[in-house]
Amino acid sequence: WSLQRSLQHLLDAQNLLGGRLKRMLAEDDPPLAMESTWARPAAVQDTAAMYAEYCAGRAAVVAVLESLPLRPWSRTGRHTEFGRVTVLQQAGYFAYHEVYHYPDFVEKRQQLGLPPPA
């Protein structure tokens, strides 16, 4: 994948996690639809703008997670493929997903001289 495609994928996944967290923390056991984050073409063509959006979304999700006391980590949602999942499981799944893609992303990011995300 190109940097832009990799970035769009990570941005889509970040937005998906942010939306799921918002619902799971506000609603009791909401439905969580399965959404593909890899087949969609880049919506924004400016790589720097995409990167800024990704960094801002990531910082917002991390801030929410860092602020959570223990109890909300066990709040649930009903995923169409995986069944009942907790906030902790979703945070772990998406963290692993980002780590999986990170080496390729870092290499491409460095080629363009973009700074690392916060």
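Predicted model: local features only at pLDDT ≥ 70, side-chain atom pairs only at ≥ 80, totals over all residues.
Residues are numbered from 1 along each chain as its sequence is written, and side-chain values use heavy atoms, with hydrogens and water left out.

Let me begin with the overall fold. The protein has three helices and three strands, where helices (H or I, at least four residues) and strands (E, at least two) are DSSP runs numbered from the N terminus, and along the sequence they follow the pattern α-β-α-β-β-α. The radius of gyration, taken over C-alpha atoms, is 15 Å, close to the 13 Å that the globule rule (2.2 Å times the number of residues to the power 0.38) gives for 118 residues, so the protein is as compact as a globular protein of that length. Along the principal axes, the C-alpha trace spans about 45 × 30 × 20 Å.

Now to the sheet, where strands count as paired if DSSP finds at least two bridges between them. In general, strands of a sheet pair through backbone hydrogen bonds, either parallel or antiparallel. Here, three strands form an open sheet with the order 1-2-3 and mixed pairing. Strand 1 (31-32) and strand 3 stand at the edges with a single partner strand each, so one side of each is left without a neighbour in the sheet.

How do strand 1 and strand 2 run, parallel or antiparallel? They run parallel and are joined by two bridges, and Leu-32 stands opposite His-79 in strand 2. Strand 2 (residues 76-79) and strand 3 (residues 83-86), by contrast, pair in the antiparallel sense over four bridges, with Arg-78 opposite Arg-84 in strand 3, and a hairpin of three residues joins these two strands.

Finally, I would like to look at Val-64, which lies in helix 2 (residues 47-67). Is Val-64 buried, exposed or partly exposed? With buried meaning under 20% relative accessible area, exposed over 50% and partly exposed in between (1.4 Å probe, protein chains only), Val-64 counts as partly exposed at 33% relative accessibility. Val-64 and Gly-18 are 46 residues apart in sequence, and their C-alpha atoms are 9.1 Å apart in space. For the protein as a whole, buried residues make up 39% of the 118 residues.
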